[in-house]
Amino acid sequence: MDVVPEAAQEAVRPPRVERGPYRKGVQRRQEIVRAAAQVFAERGYHGGSLRSIGERVGVSSASLVQYFGTKERLLAAVLEEWARESRP
């Protein structure tokens, strides 16, 4: 059995390439932001829950946390989207 030193194994491995966001992930994020905007408009920030936003998009509140981290960051994404849309 040949044992290859770990340093030699790493020299053989191709370098890791950082990948950008996947198209479906970007689309899902946009869907979530749109749904959050609707929920916040209807119920206000405090009245809108991650669960109600997730239900509109068909994902769990845990998935929303994966995408945005917190409800506050989701609100920030909604406000950024509104700012982008309102630019001339």
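**Before selecting anything**

The model is predicted, so local features need pLDDT of at least 70 and side-chain atom pairs count only at pLDDT 80 or more, while totals for chains, interfaces and linings use all residues. Residues are numbered from 1 along each chain as its sequence is written, and side-chain values use heavy atoms, with hydrogens and water left out.

**The whole chain**

Display the protein chain as a cartoon; there are 5 helices and 0 strands, where helices (H or I, at least four residues) and strands (E, at least two) are DSSP runs numbered from the N terminus. The pattern along the sequence is α-α-α-α-α. Of the 88 residues, 23% are buried, that is, under 20% relative accessible area with a 1.4 Å probe, protein chains only. Among contacts (heavy atoms within 4.5 Å) with a separation of 6 or more, 53% join residues 24 or more positions apart.

**The nonpolar core**

Next, select Ile-32, Ala-36, Ile-53, Leu-64, Phe-68, Leu-74 and Val-78, which have the most contacts inside the largest nonpolar core, a set of 16 residues. Such a core consists of buried Ala, Val, Leu, Ile, Met, Phe, Trp, Tyr and Cys residues joined through side-chain atoms within 4.5 Å. Two or more residues come from each of α2 (23-47), α3 (50-57), α4 (61-68) and α5 (71-86). Helix α2 gives the largest share, 7 residues. Centre the view on Val-78: beyond residues up to four places away in sequence, Val-78 touches Val-33, Ala-36, Ala-37 and Phe-40.

**Ala-35**

Finally, select Ala-35 in helix α2. Ala-35 is buried, with a relative accessible area of 5%. Leaving aside neighbours within four places in sequence, Ala-35 is in contact with Ile-53, Arg-56 and Val-57. A distance drawn between the C-alpha atoms of Ala-35 and Val-57 spans 6.8 Å, although these residues are 22 residues apart along the chain.

Note on methods. Buried means under 20% relative accessible area, exposed over 50%, partly exposed in between (1.4 Å probe, protein chains only).
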